[in-house]
Amino acid sequence: MNILHIEQSTLIREMTRDVVANIGHGYFCTCGGQEALDILEKEEIHFIITGLELSDITGEGFMKQLSASKYKDIPVIVLTSTDCMDIRKKLFDLGVVDYIVKDSLTDEKLKSYIEAFEKKDDVIKKMMNRDIAVLDDSVMVNTLIKNIFDLHGIRKIDTYTSAEDLLAAKKDYAIYILDLVLPGISGEEVLLTLRQKSKNSIVILISSISNYKTISNILSSGADDFIMKPFDASVFMARIKAHSRNFILREELEHANAELAKAAITDGLTQIYNHKYIVDRLDVEIERSKRYNSPLSIILLDIDNFKGVNDKYGHQIGDLVLKSIASSMTQLVRNSDLVGRYGGEEFMVILPETDQESARTVGEKIRMSIEALTYEDSEVHVTVSGGAVTFNGQCSQHLIRMADEGLYEAKSLGKNQIVYLENTCSPEEMNA
């Protein structure tokens, strides 16, 4: 942010400048109101701090000039040694957002005020990327609301004069602003319909109706807020921002939870499924195979001579090999297949709806693609050995054991190959 400070005291200016510099914002200062207005013409100012006694005008006089100008929406804090309730009331009426007595001012307090407005500004930035729908049968009201958003740089606004057009729109909006009284349908009906498809969107009703029972019913029906017409532009925007902040926080929380859930099942290095999840999913796929009598195959793979790669080229190249192989496998298999890191240099591939012959085809594609991989500027060349088996009624542990036997056989036969075992054993024989 760019912060404009209007103050005669050199001490207060220096303290404020240091606080602003430490946070990392732009700082402009002056002693007079006219020079402040000149700065506003030349620079994009996001926040104003002003004293009451300026070199050419009173703080109250400056606020009157500001409130009548195109800069009236810039938040202003008054910083003064004069603590007078009458002056406070006049300044708040003119739009001052806070009034701080210098005796109670500290670096930390000033920093917290600036950071609070920085967070508000961050909400506006995030709102710029949100789609907003405005429904009112009055073109004038739609234009007014659109202009309010436009003043704050929020321009992804679609206006509707017909509820049918809004409900027919395939677009989902983050924010809906609806008139309560509409021709042919009520805003409440539109609200209920929107709530069925947009449970997390912000829905705000606007109306000149002031009946508290009506307002209570609207809020009970799922509206996030009710704003009376005619409304003050700054109050309207403040309430939109408050709801948007909650909307953004909820989104960020859901994203964080999703990331945590993903981390719980993902191998940190290769970004494929981890050991626990891939084994658990094998149990799930076995049950599905039994239920639908569908084929299921697995492949267990191990990188040949991987210890030699780490010893000769270092663990960074070793990690690169692991990541490249994991990436190659995930690109080759279907969306329904699962690839996981079974151990240090071991991988498991689960192939639902896949018989032995198809598993052989997939395994060979994987083996050849890994053999063809190159690793930056190093001379590393790796291959894999594997064992593949098709489900025949056994539990997951026995199926993995069979694939491991195939892997061991592939190693003993000279590596860089996959052994496909005939699974003719019955579950009873396997469990014996």
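Predicted model: local features only at pLDDT ≥ 70, side-chain atom pairs only at ≥ 80, totals over all residues.
Two packed helices are described by the angle between their axes and the distance between the axes. Helix α11 spans residues 275-292 and helix α15 spans residues 396-412. The axes of α11 and α15 are 10 Å apart, and the packing angle is about 110 degrees. Angles of 65 to 115 degrees count as roughly perpendicular, and α11 and α15 are therefore roughly perpendicular to each other. The crossing of α11 past α15 is right-handed.

The contact is formed on the α11 side by V279, L282, D283 and I286. On the α15 side, S396, L399 and I400 take part. By residue class, the contact of α11 with α15 comprises five nonpolar residues, one polar residue and one charged residue.

A disulfide is a covalent bond between the sulfur atoms of two cysteines. Zero disulfides were found in a search of the whole structure. For C29, the closest cysteine sulfur belongs to C31 and lies 7.3 Å away, which is too far for a bond; the cut-off for a disulfide is a pair of cysteine sulfur atoms within 2.5 Å. C31 is likewise in no disulfide, and the cysteine sulfur nearest to that of C31 is the one in C29.

With regard to accessibility, C29 has a relative accessible area of 36% and is partly exposed. C31 also counts as partly exposed, at 29% relative accessibility. The class partly exposed lies between buried, under 20%, and exposed, over 50%.

Technical notes
Residues numbered from 1 in each chain as written. Heavy atoms only, no water. Axes fitted to C-alpha atoms, helices over the stretch in contact; angles between N-to-C directions. Helix = DSSP H or I, 4+ residues; strand = E, 2+ residues; numbered from the N terminus. Parallel < 35°, antiparallel > 145°, perpendicular 65-115°, else oblique. Left-handed = near helix turned anticlockwise from the far one by under 90°. Contact = heavy atoms within 4.5 Å. Nonpolar A, V, L, I, M, F, W, Y, C, P; charged D, E, K, R; others polar. Buried < 20%, exposed > 50% of the residue type's maximum accessible area, 1.4 Å probe, protein only.
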